[in-house]
Amino acid sequence: MPVRTTIEQAAKSVMGALSPGESKADILDTLQTEHDEVQELLEKLVDSESGHEQKRLVEKVKRALVPHTKAEEKIVYDAVLALRGKEPKVDGNEGYIEHGLADQTLKKLDRLTANGPEFLAVAKVLKELVDHHVQEEERNIWTQVKENFSDEQREKMNRDFLTAKKKVKVV
Ligand SMILES: [Fe+2]
Ligand SMILES: [Fe+2]
């Protein structure tokens, strides 16, 4: 076997770099990691005192949040909305509404001058919205996912989620 191929394979197995098609990860583990990332970015944003850093962080939040929410709606919320009963439908609709609010707030923040009073207020509101949303999602939507989908279904959801995320355009 050529040396290069051996090295590439070793690197792949060490790093666990499986393509989405091979991934055995659970959708909820992926969502958890992404929630932690975006919440950490928002924490840094509201603590930042530099306009330059604030703009950089808004860009990072956008690149993390927009693909996450769009793919989550398509793969997770729509699956929950399709379940029988009122509760999953309320949870799914609530999720869509909160995503809409976060999206509008993020767009507003993106248009404002960094470090100004309005920017700082909108950044705080965005953080509060996302924190609230993540808390409820992890409680309500995740309960629906755990109760209604098998391990295999959740692994498939994860692969579909990663594929859907790649198709989202961030402007
Ligand atoms: Fe989420
Ligand atoms: Fe969400």
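Predicted model: local features only at pLDDT ≥ 70, side-chain atom pairs only at ≥ 80, totals over all residues.

Student: How do I look for empty space inside?
Tutor: Rolling a probe the size of a water molecule over the atoms shows where empty space is left. This structure holds one cavity of 30 Å³ or more. The largest cavity has a volume of about 70 Å³.

Student: Which helices each supply at least two residues of the lining of the largest cavity?
Tutor: Helix H4 (86-111) and H5 do. H5 gives the largest share, five residues.

Student: What is the lining made of, by class?
Tutor: Five charged, three polar and two nonpolar residues. Among them are Asp91, Glu94, Asn140 and Ile141. Tyr77, His133 and Glu137 line the cavity too.

Student: Which residues coordinate the iron ion (ligand 2)?
Tutor: Glu72 (OE), Tyr77 (OH), His99 (NE2), His133 (NE2) and Glu137 (OE), at 2.0 to 2.4 Å. Along the chain, these donors are spaced E-x4-Y-x21-H-x33-H-x3-E. Two of them, Tyr77 in helix H3 (residues 51-81) and His133 in helix H5 (residues 117-148), link distant parts of the chain, 56 residues apart.

Student: Are Tyr77 and His133 buried or exposed?
Tutor: Both are buried. The cut-off is under 20% relative accessible area.

Student: What does Glu72 bridge?
Tutor: Glu72 bridges the iron ion (ligand 2) and the iron ion (ligand 1). The two ions lie 3.1 Å apart.

Notes:
Residues numbered from 1 in each chain as written. Chains lettered and ligands numbered in written order. Heavy atoms only, no water. Donors = N, O, S within 2.8 Å, 3.2 Å for Na, K, Ca; no water. Helix = DSSP H or I, 4+ residues; strand = E, 2+ residues; numbered from the N terminus. Buried < 20%, exposed > 50% of the residue type's maximum accessible area, 1.4 Å probe, protein only. 1 Å grid on protein atoms, 1.4 Å probe; cavity = no way out; pocket = protein on both sides within 12 Å on 5 of 7 lines; lining within 4 Å. Points joined across faces, edges and corners; volume = space filled by probe spheres on them. Nonpolar A, V, L, I, M, F, W, Y, C, P; charged D, E, K, R; others polar.
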